[in-house]
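Let's take a walk through a protein model together. Have a look at the picture first, and then we'll stop at a few spots.

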Amino acid sequence: MIQTVYIVRLIIYERILHTMEEHVLADRLTENPMKDTKENGTVTFSQFSSSVRTMVRIRQKYQAIKKRRMEIATTSASQIFASSRSSSPNVFTFDDIPINSNLSSPRKRKKRKGRVLYPNNNLRAVPTKERSKAKKCLYLLCVIVFLQIYNAIENLDDHVLKYDLDGLEKTLKREVFGQQEATERLLGHLQDYLSTYVHNKPLVLSLHGPTGVGKSHVGRLLAQHFRSVVGDQLVMQYFVLHHCPTDDDIPQCIKALSLQISMTVTQAEEEEKIPLFIFDEMEHMPGELMDMLHNVIRPQNNNEYLNAIYILIGNLGHDDITKFVLHNSSVSASGPLSLTQELTPWLRNYLHGYHQIFLEVELIPFTLLEKSHVMDCFTDEMSREGFYPDRSHVERLAEELSYYIVGELEFSRSGCRQVVAKVNLL
C-alpha cells in the first residue's frame with residue numbers, strides 16, 4: 001500500500017516539473033529577461049529565478065522519492081522471498097501472486113480419510129468395512145430349510161399314495177349307498193392321519209347308526225382295502241359276539257386281545273406301517289373289555305400304540321338318530337340333512353355317559369336309507385349273484401320291505417339288511 005502511494009506521488013511530481021519546464025522555456029524565448037514589464041504582466045528576473053529554484057527543488061524531491069522507491073522495491077523483494085518460506089505472509093499484496101498461476105481453476109483439496117478418536121487418545125484409521133459371513137450362513141440355512149420342507153411334502157405325498165386312498169374313495173362311492181356325508185368324513189380323517197407317520201395319539205373313529213345302514217359294510221370294505229396295502233397281519237377285525245360270546249370268557253378275551261394288539265403294533269412299527277383295528281358290535285362289548293381298550297387308545301406319555309387306526313362300530317344311540325332324521329326329513333326337500341353339525345353334539349353327550357372310551361373318538365353318524373337307496377342295494381346284490389337287475393323286479397323286491405313314511409319320503413326300517421336274504425331266495 002505504501003509503495004502505491006509513492007508511485008502516485010512520483011507521477012504527480014513528474015507532471016508538475018514537466019509543466020513548469022515548459023513555461024520557463026516559453027518565457028525565455030518570447031521575453032527579454034532584463035526588462036521590467038510589471039505594467040503589462042510579463043515575467044521579471046526575480047520571478048524567473050524563483051521559478052528555477054522551484055523547479056530545482058521539485059527535481060531534487062523527485063530524485064529523493066525515486067531513490068526511496070528503489071529502496072522500498074528492494075525491501076519488498078526480500079520480504080516476499082522470506083514470506084515464501086514462512087507459513088503465511090504478514091501483509092497480502094497482489095505482487096505476491098505468481099505470474100504463471102492459473103486463477104480460473106483452483107486446486108481441489110484432497111479429502112482426508114475419516115479418523116476415529118478411541119478412548120486411549122490415539123488416532124486410528126477407520127476399520128475397513130467387511131461383508132458379514134453370517135449372511136452366507138443365513139442363506140445356506142434358508143436353502144436347507146426349504147429343501148427339508150420340500151422333501152417332507154414329497155414324503156407326505158408318497159406316504160398317502162402308499163395307502164391308495166383314492167382307490168378306497170372309489171370303492172366306497174361304488175358300494176356304499178345313501179351315506180355320502182359319512183364316507184366323506186371318514187376319508188377326510190384317514191387322509192389327515194395317513195399324511196404322516198409320526199403321531200401323538202391314535203386315530204379312533206366311531207361309526208354309529210340304525211341297523212342295516214352300511215356301518216359293518218364300510219368296516220368290511222376298510223379291512224379289505226388295508227389288507228391289500230399293508231398286509232393281512234396288520235389288519236384285525238374283532239366281532240364281540242364271536243370272539244367273546246360269554247361273560248366267563250372275558251378274562252381270557254382281555255388277555256388275548258391285549259396281546260394281539262401289542263404284537264400287531266410292534267410288527268407295524270418294525271415295518272413303518274400303520275395297522276388297522278376294527279371292533280364291530282360295540283353295543284355288546286363287556287365293560288371290562290371296553291376298559292382295556294380304553295387304556296390302549298388313550299394317549300399317554302409312554303404309549304406304544306400311537307401309530308394305529310381304531311374303528312368302533314355299533315348302533316348305540318340309533319333310536320335318537322332315527323327320531324332326528326324323521327323329525328327333520330322336511331329339510332331334505334331343500335337339501336340333505338347335516339347329521340355332523342346338528343346330531344353329533346347330542347350324540348357325543350349320550351356316548352360320554354355310556355363309557356369314557358368315547359371321549360377319545362371322532363363320531364361319524366350314519367343316517368336312514370331311503371327307498372331309492374334300498375333299490376340300489378338290490379341292484380348291486382343281484383349283479384353280484386349273477387341275476388339281471390330288472391327295474392320292475394327290483395321295485396317289487398323293495399316293496400316287500402317296511403318303511404317310515406314322512407310326506408313323500410320313505411325310509412327303510414331295516415335298511416339294506418334284508419337285501420341279501422331276499423336275493424338268495426330268487
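Before we start: helices here are DSSP runs of H or I with at least four residues, numbered from the N terminus. Keep in mind, too, that this is a predicted model.

With that in hand, find helix H4, which covers residues 165-175 and holds Leu172. Is Leu172 buried or exposed? Its relative accessibility is 2%, and buried means under 20%, so Leu172 counts as buried. Now look for Val218: it sits 46 residues away from Leu172 along the chain, yet the C-alpha atoms of the two are separated by 7.5 Å.

Next, head out to the surface. Helix H3, residues 133-163, contains Tyr139. This tyrosine has a relative accessible area of 55%, and the cut-off for exposed is over 50%, so Tyr139 is exposed. Tyr139 also belongs to a nonpolar surface patch with Leu138, Leu141, Val145 and Ile149, and together they have about 500 Å² of accessible area.

Charge gathers on the surface as well. Asp247, Asp248, Glu288 and Asp291 make up a patch of negative charge there. Pick out Asp248, in the loop between helix H7 (240-243) and helix H8 (250-271). With a relative accessible area of 71%, Asp248 is exposed.

Last stop: a pair of strands. Strand E8 (residues 403-406) and strand E9 (residues 409-412) run antiparallel and are joined by four bridges. Across from Tyr403 you'll find Ser412 of E9. Two residues lie between the strands of this hairpin, and Gly407 takes a positive phi near 65°.

Technical notes. Residues are numbered from 1 along each chain as its sequence is written. This is a predicted model: local features need pLDDT of at least 70, side-chain atom pairs count only at pLDDT 80 or more; totals for chains, interfaces and linings use all residues. Side-chain values use heavy atoms; hydrogens and water are left out. Two strands pair if DSSP finds at least two bridges between them. Patches are made of residues with over 30% relative accessible area and no salt bridge: like charges are joined within 9 Å, nonpolar side chains (Val, Leu, Ile, Met, Phe, Trp, Tyr) within 5 Å. Accessible areas come from the Shrake-Rupley method with a 1.4 Å probe; for residues, only the protein chains shown count as cover. A salt bridge is a side-chain nitrogen of Lys or Arg within 4 Å of a carboxyl oxygen of Asp or Glu. Lys and Arg count as positive and Asp and Glu as negative; His and the chain ends are not counted. The place of a charge is taken as NZ of Lys, CZ of Arg, CG of Asp or CD of Glu. Buried means under 20% relative accessible area, exposed over 50%, partly exposed in between (1.4 Å probe, protein chains only).
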